[in-house]
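Visitor: I would like to go through this chain with you, from the overall fold down to single residues. Could you take my questions as they come?

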Amino acid sequence: SFYLSRTALSSFYCIEFKPNVSRMILVQKFAILILCTTHFEGACPTNEPGIKDTSLFATCDNLLMIYFDGVLQFEDEGWPGTDTYQWTSATELVIPSGTKVLGIECKDLGGNMGILASTSDGLVTNGKWQCSHNDKLVGWAEPGFEDSAEDFSEALTINGKSMPNIDNSAQWIWANQTYSWAACKKRLD
């Protein structure tokens, strides 16, 4: 597990992975600095007021990318085209307090397709998410994105099996089943 807390440097967040994993990530608004060492236990302050940890658990069939306010936070190793069956488990990230838009991009490599996600505070993928199959969109996961061409519409829900660590009420979603790429997003504010 890991947690998010504000460090003494007011513009950075510290994400520490436990137990004794040899990396710590400092996240600034538009940059990620990865520090490597043998042990970071206790390196980040905890329980600071005003910081709310919200964990995201997400997967997609086949290749996943996750954005917070338009900034890439995670990309499957095989992107853009090698399936290593990473979709059979959930990716876990901490969503920083104040994040306005959660964006999940997925590329299907054949067969079943879909995005499945939930958060520790009750958000689940369902038909209320907005999805698009237009893979040429720029800035689609940014808070100020204007959908003037109406590329996004309510998510299509797909029957699929549940996944470990993802809430059982979450539904698999997609943009349009005739396309092998989907971008789905949810406003968090």
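Guide: The discussion below concerns a predicted model.

Visitor: How many helices and strands does the chain have?

Guide: There are 15 strands and zero helices.

Visitor: What share of the residues counts as buried?

Guide: Of the 189 residues, 46% count as buried. The chain exposes about 10100 Å², and carbon and sulfur atoms supply 49% of that area.

Visitor: And what part of the contacts comes from residues 24 or more positions apart?

Guide: Among contacts in the chain with a separation of 6 or more, such residues account for 66%.

Visitor: Let us turn to the sheets. What is the strand order in the open sheet of six strands?

Guide: The order is β7-β6-β9-β15-β11-β12, with antiparallel pairing. At the edges are β7 (71-75) and β12, each of which pairs on one side only.

Visitor: How many bridges join β6 to β7?

Guide: Four bridges join these two antiparallel strands.

Visitor: How do β11 and β15 pair?

Guide: β11 and β15 (residues 181-187) pair in the antiparallel sense over three bridges. Ser132 has Ala183 as its bridge partner in β15.

Visitor: What about β8, and how many of its residues are buried?

Guide: Strand β8 (residues 91-95) is mostly covered, with four of its five residues buried. Five bridges join β8 to β5 (residues 54-61), and the two run antiparallel. Val94 in β8 is the bridge partner of Ser55.

Visitor: New topic: aromatics. How many aromatic pairs does a search of the whole structure find?

Guide: The search finds three aromatic pairs.

Visitor: Why does Tyr67 count as buried?

Guide: Tyr67 counts as buried because its relative accessibility is 12%, and the cut-off for buried is under 20%. Trp140 is buried as well, with a relative accessible area of 6%.

Visitor: Which other residues belong to that cluster of ring pairs?

Guide: Ring pairs link Tyr67, Trp140, Phe145 and Phe152 into a cluster. Phe145 and Phe152 form an edge-to-face pair, at 6.0 Å centre to centre and 75° between the planes. Phe152 is buried at 8% relative accessibility.

Visitor: Which charged end sits over the ring of Phe152?

Guide: That of Lys185, 4.4 Å from the ring centre.

Visitor: Now for Thr125. Where is it, then?

Guide: Thr125 is in the loop between β10 (114-119) and β11 (130-132).

Visitor: Is Thr125 buried or exposed?

Guide: Thr125 is buried, with a relative accessible area of 0%. Beyond its neighbours within four places in sequence, its contacts include Ile115, Leu116, Ala117 and Ser169. The side chain of Thr125 also reaches the backbone oxygen of Gln171 at 2.7 Å.

Visitor: And Asn126, which residues does it touch?

Guide: Not counting residues up to four places away in sequence, Asn126 touches Ala155, Thr157, Gln171 and Ile173. Asn126 lies in the loop between β10 and β11. It is buried, with a relative accessible area of 18%. A polar atom of the Asn126 side chain lies 2.9 Å from the backbone nitrogen of Lys128.

Visitor: You mentioned Ala155. Where is that one found?

Guide: Ala155 is found in the loop between β12 and β13 (156-158). At 9% relative accessibility, Ala155 counts as buried. Apart from residues up to four places away in sequence, Ala155 touches several residues, among them Gly127, Trp129, Cys131 and Trp174.

Visitor: What separates the C-alpha atoms of Ala155 and Thr125?

Guide: The C-alpha atoms of Ala155 and Thr125 are separated by 8.8 Å, and the two residues are 30 residues apart along the chain.

Note on methods. Residues numbered from 1 in each chain as written. Predicted model: local features only at pLDDT ≥ 70, side-chain atom pairs only at ≥ 80, totals over all residues. Heavy atoms only, no water. Buried < 20%, exposed > 50% of the residue type's maximum accessible area, 1.4 Å probe, protein only. Contact = heavy atoms within 4.5 Å. Areas by Shrake-Rupley, 256 points an atom, 1.4 Å probe, with all protein chains shown as cover. Polar contact = N/O pair within 3.5 Å; in protein donor to acceptor, adjacent residues only side chain to side chain. Pairing = 2+ DSSP bridges. Phe/Tyr/Trp six-rings, centres within 6.5 Å; stacked < 30°, edge-to-face > 60°. Lys NZ or Arg CZ within 6 Å of the ring centre and 35° of its normal.
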